[in-house]
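Hi everyone, thanks for making time. Could you bring the model up on your screens while I talk you through a few spots?

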Amino acid sequence: MDLPIVVGVDGTEPSLRAVDWAAGEAALRGAPLRLVYASLWERYEGALLAQELGKPLEEVMALDVVGAAEQRALRRRPGVKITTDVLPEEPEHGLVRASGTALAVVLGCRGRGGVAEALLGSVSLTVAAHAHCPVIVLRGNHHDQVRSRTQGRIALGVGDGPSGSAVRFAVEEAALRGVPLEAVRAWRHPAHALSRHAPGAGEPALPERQRAGALLEDALRDAPADLKVDRRVVEGQARDVLAAVSREADLLVVGRRRHAHVGSRLGRVAHAVLHHTACPVAVVPELH
């Protein structure tokens, strides 16, 4: 059975834009699309029923939400197979559970500031931290608009830990779109050398920069020869470097280490890029 692209929907414009993005991804991959609305309406509605349908009011609304999302996806990508689900559970738990049988989970969230940040923390960050598959988060701007301009490249942030799953996902995305992959590794001067100037032309590279370059090459050792890969080693904090790279990318891919203990969180870099990047972000769990 083909694994679906799962989209969390709630009737808001950001979630509908996530439906648009996920429908395109499903079409690229030849995968089905699964639209999921999750809410613990039974806890709050109790015996309150919609008399004409004999169902809780929240459930009636949920069915309307997934129905509208389905129609939107069909208009955008009529060839994609679509299923819908209404789950009586917390969105975080429902979407993490759905990720166990998904190719990817796609989420939309509101623009920066105030309540929007709290919503991002309560749903998108939790799902990104615990999902069993890649999670793509589409950040909106202050007006809840997701950038639609095509940059023509996929960006990959290479970290310290294992990065095989993230690299493979980024390579697939670039190959599917027929665009270059920009692989970036950030590096910093050691604390005791912060006052020294960066090496100029003709000066030997610092060991930290050499190590960053070696890590980048190692991560890309299995990249296909026919894929155009731009390798970049950039001095600076990883979150700042990747935020800058995201302004010229259609998707930024970062890895996430799997944790054995319950309650684990995203790493600092993944957490930061989800809040500050200009393009959609894919957080990919590593197998090891």
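Let's start with Asp250, whose side chain reaches the backbone nitrogen of Gly152 at 2.8 Å. That is a polar contact, meaning a pair of N or O atoms within 3.5 Å; within protein, one must be able to donate a hydrogen and the other to accept it, and residues adjacent in sequence count only if both atoms are side-chain atoms. Asp250 sits in the loop that links helix H8 (238-246) to strand S11 (251-256). Helices (H or I, at least four residues) and strands (E, at least two) are DSSP runs numbered from the N terminus. Is Asp250 buried or exposed? Its relative accessibility is 16%, so Asp250 counts as buried; the cut-offs are under 20% relative accessible area for buried, over 50% for exposed, and partly exposed in between, with a 1.4 Å probe and protein chains only.

A quick word on the ground rules. This is a predicted model, where local features need pLDDT of at least 70 and side-chain atom pairs count only at pLDDT 80 or more, while totals for chains, interfaces and linings use all residues. Residues are numbered from 1 along each chain as its sequence is written, and side-chain values use heavy atoms, with hydrogens and water left out.

Now to helix H1 (residues 13-29), which holds Glu25. Because its relative accessibility is 2%, Glu25 counts as buried too. Leaving aside neighbours within four places in sequence, Glu25 is in contact (heavy atoms within 4.5 Å) with Ile5, Glu173 and Arg177. Ile5 is 20 residues from Glu25 along the chain, and their C-alpha atoms are separated by 7.8 Å.

What about H1 as a whole? Of its 17 residues, 12 are buried, so H1 is largely enclosed by the rest of the structure. Among the buried ones are Trp21, Ala22 and Ala23. After H1 comes Gly30, with a positive phi near 65°.

Next, the largest nonpolar core: a set of buried Ala, Val, Leu, Ile, Met, Phe, Trp, Tyr and Cys residues joined through side-chain atoms within 4.5 Å. It has 50 residues, and those touching the most other members include Val7, Leu33 and Val253. H1 gives the most to this core, with 7 residues.

Leu33, not counting residues up to four places away in sequence, touches several residues, including Ile5, Val7, Ala22, Ala23 and Ala26. Apart from this core lies another, of 36 residues, among them Ala128 and Val281.

That's my tour, so over to you!
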